[in-house]
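Hi everyone, thanks for coming along.

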Amino acid sequence: MANGLLDAIGDTSMVQLRRLVPPDCARIFVKLEWENPTGSMKDRAAQAMISRAEADGRLRPGDTVVEYTGGSTGISLAFICIAKGYRLRIVSSDAFSRDKLNQMVALGAELTLVPSEGGRTTRKLILDMIEVARGLCAEPHTFWTDQLNNSDSVTGYFPLAEEIWVQMQGKVDGFVQCVGTGASSRGVATVLRRRNPKIRLAVVEPAESAVLSGGAAGPHKIEGVGIGYPPPLWDANLADEVLAVGTEEAKAMTRRLAREEGLFAGTSSGANVVAAIRLGQKLGPAANVATLMVDSGMKYLSTNVFAAGPSQS
């Protein structure tokens, strides 16, 4: 039983996909990270960034926390700040779902919105959001979590990797995860590689902005990933391969997860499953591949991912 708000983070369930996986594919297991208190894996990173800053004196009682975010990190920080009593100022954008923005406000975050180019994630948008956050940090008694550069967030995913290892009884042949900040893929890969150096690790990026694969940056609609340049926390040495998944392909898989598996997730989770099946087909039906349901589909009800109608786009 959890004794406090923060004790509810982690120990999420893992289930095997039953209907989406083709016969020539490895068994695919997904970690239900929406079971964390705010509905995403970002609770783990937010807790690590705040607790480590408190421990070394960067964050003190009465300070204000500042961050730029597409939504989930901001929601998680709002949750942590409620538990610990900090004011939170968030820089976000209309490029991200209204559900996420509303959830941040509901949890007490003070929101500043930066306009996007047609509601899409671009390199310019991310850089503009960072500069606005930098300006807010000029005020005294402010701590900027700065998630793209904060290696504390990587440690927040070490327990996630240990959970995967235990839940799969050490029978992990592959792991797949989208790259946003790069913290989750790096944190999980670091621990799994210590457990078994032979595990195949694949990371996922939007096909429209496949910069990790050597392509050009471009706009896309897979929220929370693909910032348009290699994130500072990205460690190319940890990944065996980079898999590019298009926005429409990710959306289609997200809908299939809901309708065929009963798993109501966000678009990056759909991209994860597309890539996990690709890796699973390479490894074969005797193998086991793990990936993440990064967040809940409840965060995307205001978008067109689950919209009714014939186009479904």
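So, over how many bridges do strand 3 and strand 6 pair? The answer is three, and the pairing runs in the parallel sense. Before going on, some housekeeping: this is a predicted model, where local features need pLDDT of at least 70, side-chain atom pairs count only at pLDDT 80 or more, and totals for chains, interfaces and linings use all residues. Residues are numbered from 1 along each chain as its sequence is written, and side-chain values use heavy atoms, with hydrogens and water left out.

Strands here are DSSP runs of E, at least two residues, and helices are runs of H or I, at least four, numbered from the N terminus. Two strands pair if DSSP finds at least two bridges between them.

Four strands form an open sheet in the order 5-4-3-6, with parallel pairing. Strand 5 (110-114) and strand 6 (142-144) are at the edges with a single partner strand each, so one side of each has no neighbour in the sheet. From one strand to the next, the twist averages 20°, with angles running from 0 to 180 degrees between N-to-C directions of axes fitted to C-alpha atoms, for helices over the stretch in contact.

Is Val65 buried or exposed? Buried (under 20% relative accessible area; exposed is over 50%, partly exposed in between, with a 1.4 Å probe and protein chains only), because its relative accessible area is 0%. Phe143 is 78 residues from Val65 in sequence, yet their C-alpha atoms are 4.9 Å apart.
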